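Have the sequence and the 3D structure at hand. Let's work through a few exercises together.

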Amino acid sequence: MLTNKQTHQKITMKHALTFSALCLWGLSAVQAQDNDMIGQSRTISQSMLKELGQKLQSAMADGGAVNAIGVCNMQAPEIAGRVSAQNQVKLSRVGTRARNPVMGVPNDWQAKALAQFDAGLARGDKPADMEFSETVVKSDGSKEFHFAKPIVMQPMCVACHGSPEQISPEVKAKLTDLYPNDKAVNYQPGQLRGAVVLSRSIP
Ligand code: HEC
């Protein structure tokens, strides 16, 4: 026969076990959901960068940098908008120093991601291995998921983001016309140019 006290202890133990099992299950479910979102965001971001890179490269080959400005100016936001709508996310590009003063300026979490990428590059981490993700609870109690991948300067980027000697007078004139407050110059290959950033609300 169990005394009252023993029965009580046994029940408490059982509850404690069930409780921790539930917690573990809850944790792994959240973990799995996070991993899903990270994987999906990675795929979306990489496919946007790939599409943009291909369009930029073929426009440069066709008509040089002056022609290719249209790809960055018109097609980059178009691709980002289409991919965002298809996947119910908000996808765009930001810069460490922005050319586009509306789309290209990082907000707080994006600036945090850029700072991490910069530190990673300085340590010698590979850009392809770097990514940022977090889930935040907003003031109204809703949750938001954030994801970012670094965008690093390549040799072909200097035609529009390099030093004054690397940017032709025609390109310079067109850029000044479109972006009077352009800050996205004087970058060199290997440097962090910006990030592809994605956010989505979690139901
Ligand atoms: C033909 C000129 C041109 C070339 C080449 C070019 N860019 Fe850009 N880039 C632009 C323009 C124009 C914008 C502004 C686009 C907009 O209005 O959203 C821009 C914007 C960006 C942005 C968004 C942040 C910002 O500053 O507004 C990133 C990131 C970026 N470029 C990275 C790159 C990288 C990396 C390369 C090389 C792979 C590259 N660019 C090559 C013209 C160019």
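Residues are numbered from 1 along each chain as its sequence is written. This is a predicted model: local features need pLDDT of at least 70, side-chain atom pairs count only at pLDDT 80 or more, and totals for chains, interfaces and linings use all residues.

**Exercise 1.** Find where confidence is lowest and where it is highest in the chain.

Solution. Start with pLDDT, the predictor's confidence in each residue, from 0 to 100. The chain averages 88, and 87% of the residues score at least 70. Next, go by element; helices (H or I, at least four residues) and strands (E, at least two) are DSSP runs, numbered from the N terminus. Helix α1 (residues 4-87) is lowest, with a mean of 79, while helix α2 (residues 108-123) is highest at 98. Over residues 1-13 the pLDDT is below 50.

**Exercise 2.** Work out which element gives the largest share of the shell around the ligand.

Solution. A residue counts as near if its C-beta atom, placed from the backbone, lies within 6 Å of the molecule. There are 27 residues around the ligand, and Gly95, Gly104, Cys157, Cys160 and Gly194 come nearest. Now check the suppliers: α1, β1 (90-95), α3 (158-161) and β4 (192-202) each give at least two shell residues. The largest share, eight residues, is from α1.

**Exercise 3.** Describe how β2 and β3 are joined.

Solution. Strands pair if DSSP finds at least two bridges between them. Here six bridges join β2 (residues 132-137) to β3 (residues 143-152), and the two run antiparallel. Take Ser133: its bridge partner in β3 is Phe147. Finally, look at the hairpin, with five residues between the strands; Gly141 in the turn has a positive phi of about 90°.

Conventions
Two residues are in contact if their C-beta atoms, placed from the backbone, lie within 7 Å.
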